[in-house]
Every structure is written in structure tokens, then in C-alpha cells.
Amino acid sequence: MSFWENTLLFAKDKVSFLTRRLLFLFIFLFLYTVFLTIYSWTTSIDDFKLLNIYAQLVPLLFYVIIIHILIKNQKTLNRRPHQLTPLDKKDKYEKTGLSEAFSIELKNKLEHLMDKQKLYLNHELRLDDIAELLNISRHHASQVINENFNMSFYEFINAYRIEEAKNKLCSGFENSSESISDIAYQCGFNNRVSFYKAFKKITHITPKEFIQKAA
């Protein structure tokens, strides 16, 4: 739980405690005034005392309003705060104007581009490039990838790059003069570290372990 969430809960607890104390106070004052009003009504006969009794009805009404507000406020404070949950994809893109059918059409077009043109081999490939090729906005390009592949842009691109690397590592790599860094660069990665990190994340083993298993 973050600092601000803790602060909010602490503040709500303090307000809730104060609300309860005020509620008890006004209930006591209300009952006390009711008692005085009833007592005065039953024991008074002159006009002045009757006027005084009617005057006591004003604070009674005031107490009723305050008690109602405090009870309502107490119920509101006692409600469990909504947990901060990430928006699901439907909510996140609900108002983007990209229909499900069009999203699937774009997905198929993107897969075709990745398979045939091998866009992922471009070291400088950006989300803007994908958007331009699909003739859509950058936000819609991100939506297509998120909704249809459940990945971010870089996760999506790296998945293709790692698949390409796996094919190369299985195709006589041990008998070649190439290094793992060479393979990484050929597959679109800019450095060995990012390649190893992506490879381990996707395959759960290192490139060397993969080569040993594939041998």
C-alpha cells in the first residue's frame, strides 16, 4: 500500500472517530431537549412558557438534521474503498472508435507484415512505424497489439526476434564462426544484454542452454 493510500485511510479513520463522537453528542442533546420540551409542555400553562416550548422545537429540528447527516456520513466512511485495479482492455479502449472486426483485420495484416517483410529485424523499429504501415494512429496500433496478442509493442517485437534467433541457433550455429552476439544483432537486437534478457524471459533458459538442449 502506497504512502498516499495509508494517509487517506488514516485520515478517514480520524474523521470516522470524530463523526461517531459528534453523533453521540447530538443524540444526547436531542434526547435532552426532547425531555425538556415534554417536561415543559406537561407542567406549563401560561403563554410565555408555551412560546418557550415552541422555540425549543427549532433546536430539535436542527439536531434531527445534524444526526441524519452524521449517520449518512458514517455509512459513507465505513464503505470499503475501491481497490486500485488496472483497467481491462475493454474498458481501456472502449471509446477509441476501433471496432472488434477492424481490430482483427489489422491484426491479420500486422502478422502478414511481420512474417513476410520481417519488420522485427529492423533495429530501429518503433510503434510509429507499425502505425504508419497499418495506416492508423499510434494509439490504435498499440491497441491492436495489446488486445490481440496480450503484449506490449516491445514484447510483441521481441517474441518474433527470439523465434528468429532460435531458428538460427538450431541451424548449424555450433559449426559456424558466428557468435551469439552476431545472432542477436542479426535478429534485430542492438546489444547482447537486451537479447539475453528477452531470450530468458520468453524461453526461461539462456541461449547457451538452448543450444545444448537443441544439440
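Reader: How many aromatic pairs does a search of the whole structure find?
Author: The model discussed here is predicted. A pair of aromatic rings is described by the distance of the centres and the angle of the planes. Searching the whole structure for such pairs gives a count of 8.

Reader: Which type of aromatic pair do Phe189 and Phe195 form?
Author: The ring centres of Phe189 and Phe195 are 5.3 Å apart, with 70 degrees between the planes. Planes over 60 degrees apart count as edge-to-face. The pair of Phe189 and Phe195 is therefore edge-to-face.

Reader: Are Phe189 and Phe195 buried or exposed?
Author: For Phe195 the relative accessible area is 0%. A residue counts as buried under 20%, so Phe195 falls in that class. Phe189 is in the class too, and both residues are buried.

Reader: What is the angle between the planes of Phe195 and Tyr196?
Author: Phe195 and Tyr196 form an aromatic pair with 6.0 Å from centre to centre. This pair is edge-to-face, and the angle between its planes is 90 degrees.

Reader: Which residue lies over the face of Phe189?
Author: A charge lies over its ring face, at 5.7 Å from the ring centre. The residue in question is Arg161.

Reader: What is the count of disulfides?
Author: A disulfide is a covalent bond between the sulfur atoms of two cysteines. In the model, the sulfur atoms of a pair must lie within 2.5 Å to be counted. By this rule the number of disulfides is 0.

Reader: Is Cys187 buried or exposed?
Author: Cys170 has a relative accessible area of 46% and is partly exposed. For Cys187, the relative accessible area is 0%. That value is under the 20% limit, so Cys187 is buried.

Reader: Where does Asn135 lie?
Author: Asn135 is not a glycine, yet its phi is positive, near 60 degrees. Its relative accessibility is 70%, so Asn135 counts as exposed. Asn135 is placed in the loop between helix H5 (127-134) and helix H6 (138-149).

Reader: Why does Asn150 count as exposed?
Author: Asn150 is in the loop between H6 and helix H7 (153-169), and has a positive phi of about 55 degrees. Exposed means over 50% relative accessible area. Asn150 counts as exposed because its relative accessibility is 60%.

Terms used: Residues are numbered from 1 along each chain as its sequence is written. This is a predicted model: local features need pLDDT of at least 70, side-chain atom pairs count only at pLDDT 80 or more; totals for chains, interfaces and linings use all residues. Side-chain values use heavy atoms; hydrogens and water are left out. Helices (H or I, at least four residues) and strands (E, at least two) are DSSP runs, numbered from the N terminus. Buried means under 20% relative accessible area, exposed over 50%, partly exposed in between (1.4 Å probe, protein chains only). Rings of Phe, Tyr and Trp (its six-membered ring) pair if their centres lie within 6.5 Å; planes under 30 degrees apart count as stacked, over 60 as edge-to-face and the rest as tilted. A charge sits over a ring if NZ of Lys or CZ of Arg is within 6 Å of the ring centre and within 35 degrees of the ring normal.
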